[in-house]
Amino acid sequence: VPLAILSPVPQSTTVPTADKSSRMEQFIALMDEFCRLNSIPFLDQYTGSPMRPWDSAWNAKYYSCASAASGDGTHPNMYGHDLMHGKIREFIRTLL
């Protein structure tokens, strides 16, 4: 059974920084290093992600649901998943 690790996507509380100094960016770097050292495929969904949950219009469109009409900034809705699925699908295809 193929094994792979996917990073979290950006959240409204984890805005990427230019110098990659945020705690989440440091965590992603550690995940990447661990995967490289252990020959585990890794999909970084955080760095360079099109997801922008800190933007209120983006949050409302891609993170909204019945219980959070303006979006919760953490859990993508079906539109957010549609945006992410192509990259994930291609990554999975490389494992098969």
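I counted 3 helices and 2 strands in the protein chain. The model is predicted. From the N terminus, I read the order of elements as β-α-β-α-α. I took the extent of the C-alpha trace along its principal axes: about 40 × 30 × 20 Å. I checked burial next: 34% of the 96 residues count as buried. Then I looked at contacts between residues at least 6 apart in sequence, and 57% of them join residues at least 24 apart.

**Entry on α3**

I turned to α3, which covers residues 78-95 and has 18 residues. Its first and last C-alpha lie 25 Å apart, close to the 26 Å expected. I still found a kink of about 40° in α3, centred on H85. At the N-terminal end I looked for a cap and found N77. A side-chain oxygen of N77 sits 2.9 Å from the backbone nitrogen of Y79. Which residues of α3 are buried? I noted G80, M84, I88 and F91. The buried residues of α3 pack against β1 (5-6), β2 (42-43) and α2 (56-62).

**Entry on D44**

I located D44 in the loop between β2 and α2. D44 is buried, yet I found no salt bridge for it. How far away is the nearest side chain of opposite charge? That side chain belongs to K87, 6.4 Å away; a salt bridge would need a side-chain nitrogen within 4 Å of a carboxyl oxygen. I did find that the D44 side chain reaches the backbone nitrogen of Y46 at 2.9 Å. Leaving out residues up to four places away in sequence, I listed S7, I28 and K87 as touching D44.

Methods
Residues are numbered from 1 along each chain as its sequence is written. This is a predicted model: local features need pLDDT of at least 70, side-chain atom pairs count only at pLDDT 80 or more; totals for chains, interfaces and linings use all residues. Side-chain values use heavy atoms; hydrogens and water are left out. Helices (H or I, at least four residues) and strands (E, at least two) are DSSP runs, numbered from the N terminus. The expected span of a helix is 1.5 Å times one less than its number of residues. The bend at a residue is the angle between axes fitted to the seven residues ending there and the seven starting there. Buried means under 20% relative accessible area, exposed over 50%, partly exposed in between (1.4 Å probe, protein chains only). Contact means heavy atoms within 4.5 Å. A polar contact is a pair of N or O atoms within 3.5 Å; within protein, one must be able to donate a hydrogen and the other to accept it, and residues adjacent in sequence count only if both atoms are side-chain atoms. Lys and Arg count as positive and Asp and Glu as negative; His and the chain ends are not counted.
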